[in-house]
Amino acid sequence: MADRHSVQAQAQRVSTTRPGGGTTMVTPGGGGGGGTILKRIQEHAPNSTQVVGLLTLVISGGILLFLTGLTLTATVMGLIFFTPLIILSSPIWVPAGTVLFIAIAGFLSMTGFGVSLLAVCSWMYKYFRGRHPPGSDRVDYARSRIADTASHMKDYAREYGGYLQSKVKDAAPGA
């Protein structure tokens with residue numbers, strides 16, 4: 001009788017493969033309250049790759065947190081020790097810093113303007129040589145629109161001018 005019961009239990013067990021690898025024995029229909037909780041925990045247990053990844057994350061996070069604290073501590077200690085020296089020498093540092101800031105800002109802006117000028121000149125050279133640089137189609141379109149508008153305005157001025165001349169002749173026939 002016991003043999004028949006164990007054979008039926010083994011027949012009811014189903015072997016499944018977990019996504020992370022390994023196999024899990026699942027018994028359909030349960031088999032007691034405590035057993036199913038343990039089986040659910042085993043089914044959701046992380047594999048070794050996930051555990052190593054989590055440990056790597058925790059260790060590197062701890063190291064970075066330690067280095068952040070060390071940096072913050074060194075900064076505060078440096079400020080504590082060097083604040084009197086900074087305050088006493090500030091009449092020298094403020095004008096020097098201002099002059100240095102203006103000089104660096106001027107140099108960077110002139111360099112930026114020079115690079116921009118070089119880019120514009122290069123683009124214009126390519127455009128006038130007929131190599132069609134990026135954006136040349138927009139320039140051609142704008143030029144044609146301006147020419148069309150000028151032509152329409154010229155025609156409109158001729159028509160309107162002729163209209164005014166006829167009105168002037170009507171008002172003053174001898175003029």
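**A walk along the helices**

Let's start with Leu70, which sits in helix α3, residues 48–88. Helices here are DSSP runs of H or I with at least four residues, numbered from the N terminus. Keep in mind that this is a predicted model, where local features need pLDDT of at least 70, side-chain atom pairs count only at pLDDT 80 or more, and totals for chains, interfaces and linings use all residues. Residues are numbered from 1 along each chain as its sequence is written, and side-chain values use heavy atoms, with hydrogens and water left out.

Leu70 belongs to a nonpolar surface patch along with Val51, Leu55, Ile59, Ile63, Leu64, Phe66 and Leu67, and together they have about 790 Å² of accessible area. That area comes from the Shrake-Rupley method with a 1.4 Å probe, and for residues only the protein chains shown count as cover. To join such a patch, a residue needs over 30% relative accessible area and no salt bridge, and nonpolar side chains (Val, Leu, Ile, Met, Phe, Trp, Tyr) are joined within 5 Å. A salt bridge, by the way, is a side-chain nitrogen of Lys or Arg within 4 Å of a carboxyl oxygen of Asp or Glu.

Further along α3 there's a kink of about 50° at Phe82, shortly before the proline Pro84. The bend at a residue is the angle between axes fitted to the seven residues ending there and the seven starting there.

Now hop over to helix α4 (residues 90–128), where Trp123 and Tyr127 sit four residues apart, about one turn of the helix. An α-helix has 3.6 residues a turn, so residues three or four places apart point the same way. How exposed are these residues? Tyr127, at 13%, counts as buried. Tyr127 also forms an edge-to-face aromatic pair with Phe128, 5.5 Å centre to centre with 70° between the planes. Rings of Phe, Tyr and Trp (its six-membered ring) pair if their centres lie within 6.5 Å, with planes under 30 degrees apart called stacked, over 60 edge-to-face and the rest tilted. Ring pairs link Trp123, Tyr127 and Phe128 into a cluster. Phe128 itself is exposed, at 64% relative accessibility.

Last stop: His132, in the loop between α4 and α5 (136–171). His132 has a positive phi of about 55° although it isn't a glycine. Most residues other than glycine have a negative phi. His132 is also exposed, with a relative accessible area of 60%.

Note on methods
Patch = residues over 30% accessible without salt bridge, like charges linked within 9 Å, V, L, I, M, F, W, Y side chains within 5 Å. Helix = DSSP H or I, 4+ residues; strand = E, 2+ residues; numbered from the N terminus. Buried < 20%, exposed > 50% of the residue type's maximum accessible area, 1.4 Å probe, protein only.
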